[in-house]
Amino acid sequence: MGGVQTASAAEFTINNNVITGVKQADERLEIPKGVTEIGAAAFAGNQTIRTVFVEEGVTKIGKEAFKNCKKLDFVVLPKSIISIGKDAFKGCGEQKYGPTIYYAKGTSSKVIKWLQYNELQYWSYSATMEEMKKPELVHHPVLRVYPTAGSKRNEKGITYRVTKKTDTIREVEVAGLEKPNKKVVKIPNTITISGKKYKVTAIGKNPFKGNKKVKKIVLGKNIKTIKSSAFKNCKGVKSIIIQNKNCKYAGKKIWKNINAKVKLYVPKSGLAKQKKLLKKSGFANLENVKAK
């Protein structure tokens, strides 16, 4: 297959079964049968396309294939799809949440994970492609909610708040305990939300305040800040392990009315520095600060 092909009032440039561009596009785009791949940036920047139906047989959508197609709100993928390139649907859609992607039941889990990782709206369908083309089946389901700065997420009994989210940096802080009766709480280095890793970088305000059940708290290596009243009135806690030698203490009453016998364990290489910072933060029993 080569040259210019016409389908659904669109004219494609197709070379060796790969769509490399479009000479004329309609609002409703149907990828013709016989095509096996949508090439990189094939439709990038097109301001006409609103709906795309990708026929069975297409296995790959190249990087930036539909990037910045501002009006593209609805895409139906076939079961044959096994690979989608980077930023294939970036900047698409008139809604802030981007386009809705429908995938056929039985589609590769790799593709589904890609849709999730890129925080797209995606749903499965069991109808045939011809049935999906019927106007009455074109609808927008309930939105999937992805994390934003300030939003909370519960993971393994711990509540986290997203503090930073960019294309390259994702961070959360500990906001509370979903199960406050836990005796041992271990804060991980990272958590995974929608397939993406977020560093756990802080203990927020009040997450352990007044907790009388917890006995041991282990902070992950990425914890660099402990905020106001983090451990206030923790009468039962016996030990807190701080694994980051550069951890800082921001705010007041972090240690107020904590168990007087609590032992803090810090990295040996940061023992002297941590004692100074802890004293300044209001931790009184410096003899209970030990090297770990």
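Trainee: Is Arg28 buried, partly exposed or exposed?
Mentor: This is a predicted model, in which local features need pLDDT of at least 70, side-chain atom pairs count only at pLDDT 80 or more, and totals for chains, interfaces and linings use all residues. Residues are numbered from 1 along each chain as its sequence is written, and side-chain values use heavy atoms, with hydrogens and water left out. Buried means under 20% relative accessible area, exposed means over 50%, and partly exposed lies in between (1.4 Å probe, protein chains only). Arg28 has a relative accessible area of 30%, so the residue is partly exposed.

Trainee: Which residue forms a salt bridge with Arg28?
Mentor: A salt bridge is a side-chain nitrogen of Lys or Arg within 4 Å of a carboxyl oxygen of Asp or Glu. For Arg28 the closest N and O atoms of the pair are 3.3 Å apart, and the partner is Glu30.

Trainee: How many salt bridges does this rule give?
Mentor: Side chains of opposite charge can pair when their charged atoms come close. By the rule just stated, the count is 12.

Trainee: Which parts does the salt bridge of Glu119 with Lys196 tie together?
Mentor: The closest N and O atoms of Glu119 and Lys196 are 3.8 Å apart. Helices (H or I, at least four residues) and strands (E, at least two) are DSSP runs, numbered from the N terminus. The two parts are 77 residues apart in sequence, because the pair joins the loop between helix H1 (109–117) and strand S11 (121–125), where Glu119 lies, to strand S17 (residues 196–203), which holds Lys196.

Trainee: Are Glu119 and Lys196 buried or exposed?
Mentor: The cut-off for this is under 20% relative accessible area. Both Glu119 and Lys196 are buried.

Trainee: What is the phi of Glu64?
Mentor: Most residues other than glycine have a negative phi, and most peptide bonds are trans. Glu64 lies in the loop between strand S7 (60–61) and strand S8 (74–77), and it forms a salt bridge with Lys67. Glu64 is not a glycine, yet its phi is positive, at about 60 degrees.

Trainee: Where does Ala41 lie, and what is its phi?
Mentor: Ala41 is in the loop between S5 and strand S6 (51–54). Although not a glycine, Ala41 has a positive phi of about 55 degrees.

Trainee: Why do the buried residues of H1 line one face of the helix?
Mentor: The buried residues of H1 are Val111, Trp114 and Leu115. The arc is that of the directions from the helix axis to the C-beta atoms. Seen down the axis of H1, the buried residues line one face because they fall within an arc of 100 degrees.

Trainee: Which exposed residues does the face of H1 turned away from its buried side carry?
Mentor: An α-helix has 3.6 residues a turn, so residues three or four places apart point the same way. On that face of H1 the exposed residues are Lys110 and Lys113.
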